[in-house]
Amino acid sequence: MSVGKAAVKVVRLGRISYRSALKLQQQHIKQHLDSCSSSPNTLLLCEHEPVYTIGIRQAPYPPEEEQRLKALGADFFRTNRGGLITFHGPGQLVCYPVLNLACFKKSVRWYVCELERMVIKMCSQFRIEASTSPDTGVWVGNNKICAIGIYCRRYITSHGLALNCNTDMSWFDNIVPCGIVGKGVTSLSRELGRDVPTEEAIPKLLEAFTEQFNCTLTYN
């Protein structure tokens with residue numbers, strides 16, 4: 001292991017329900033917050049079954065809206081992350097870093113910016129020109145390719161990012177993604193004009209994460 005570099009354990013969960021992923025995150029967070037535990041920094045990688053999730057600003061989403069979305073065949077969760085509504089589903093690479101920012105830099109703003117830079121770096125490996133905007137996340141023009149919404153307590157992070165790879169984009173037609181009117185969504189597959197599964201994106205994401213966060217990855 002390189003001297004001075006934080007170690008981050010990569011855990012590949014495959015396709016997992018949103019509820020199960022939340023429970024796993026909570027377990028890792030609890031280990032970090034337990035002073036008797038030496039829990040490792042962890043990167044949880046997964047795909048979800050179709051689910052709509054909303055963040056802490058829940059006023060625009062009354063029970064009637066929840067029922068409408070559930071009737072489409074998706075689950076629905078109210079969470080403590082930042083941001084408004086988004087969709088997760090098959091073909092989308094979801095990354096939940098459960099990190100102690102004391103191992104990196106104790107700044108939430110820095111952390112979100114580093115996540116954005118990491119995804120931009122990963123997109124460049126696909127020869128896709130991505131960028132940030134005043135709205136959180138990573139964009140290709142006016143279309144969001146990666147949503148970012150995090151929660152941080154005592155500098156322990158949870159939630160994370162969702163990168164559209166070969167997602168069925170029609171799920172987004174039922175909402176205003178992230179509550180941003182007048183902008184759209186895109187995916188690696190749409191930008192490249194070919195099928196890009198999550199398995200193709202994972203190595204590039206991990207490489208970009210290693211470089212951006214100056215860390216060493218381990219595998220379970």
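Biologist: Why is E211 called partly exposed?

Modeller: This is a predicted model, and in it E211 has a relative accessible area of 45%. Buried would need a value under 20% and exposed a value over 50%, so E211, at 45%, falls in between and is called partly exposed.

Biologist: What makes the pair of E211 and K121 a salt bridge?

Modeller: The closest N and O atoms of E211 and K121 are 3.7 Å apart, and a salt bridge asks for a side-chain nitrogen of Lys or Arg within 4 Å of a carboxyl oxygen of Asp or Glu, so the pair qualifies. This pair links distant parts of the chain, with E211 in helix 5 and K121 in helix 3 (residues 108-125), 90 residues apart. As for K121, its relative accessible area of 28% makes it partly exposed.

Biologist: How do you know that D135 and K183 meet in a salt bridge, and what does the pair tie together?

Modeller: For the side chains of D135 and K183 the N to O distance is 3.5 Å, which is within the 4 Å that the rule sets, so the pair counts as a salt bridge. D135 lies in the loop between helix 3 and strand 7 (138-140), while K183 lies in the loop between strand 9 (156-164) and strand 10 (184-185), so the pair ties together parts that are 48 residues apart in sequence. With a relative accessible area of 26%, D135 is partly exposed, and K183 is partly exposed with 29%.

Biologist: Which residues does the salt bridge of R12 link, and at what N to O distance?

Modeller: The side chains of E199 and R12 meet at 2.6 Å, N to O, in a salt bridge. This pair links distant parts of the chain, since E199 sits in helix 5 (residues 198-213) and R12 in strand 1 (residues 6-16), 187 residues apart. R12 has a relative accessible area of 44%, which lies between the 20% and 50% limits, so R12 is partly exposed.

Biologist: How many salt bridges does this rule give, and which residues are linked with K70 in a network?

Modeller: By this rule the count comes to eight salt bridges. K70 is linked with E66 and R78 in a network of salt bridges, and its place is in helix 2 (residues 63-70). At 33% relative accessibility K70 counts as partly exposed. When residues up to four places away in sequence are not counted, K70 touches D75 and F76.

Biologist: Is L84 buried or exposed, and where is its place in the chain?

Modeller: L84 has a relative accessibility of 10%, and this is under the 20% limit, so L84 counts as buried. The place of L84 is in the loop between strand 4 (75-78) and strand 5 (86-88).

Biologist: What makes the phi of R127 worth a remark, and what is its value?

Modeller: Phi of R127 is near 65°, a positive value in a residue other than glycine. R127 is found in the loop between helix 3 and strand 7. With a relative accessible area of 80%, over the 50% limit, R127 is exposed. Y155 also has a positive phi, of about 65°, although it is not a glycine, and its place is in the loop between strand 8 (143-153) and strand 9. At 35% relative accessibility, Y155 counts as partly exposed.

Biologist: What percentage of the residues of the chain count as buried, and what percentage of the contacts join residues at least 24 apart?

Modeller: Of the 220 residues, 51% count as buried. Among contacts between residues at least 6 apart in sequence, 74% join residues at least 24 apart.

Methods
Residues are numbered from 1 along each chain as its sequence is written. This is a predicted model: local features need pLDDT of at least 70, side-chain atom pairs count only at pLDDT 80 or more; totals for chains, interfaces and linings use all residues. Side-chain values use heavy atoms; hydrogens and water are left out. Buried means under 20% relative accessible area, exposed over 50%, partly exposed in between (1.4 Å probe, protein chains only). Contact means heavy atoms within 4.5 Å. Helices (H or I, at least four residues) and strands (E, at least two) are DSSP runs, numbered from the N terminus.
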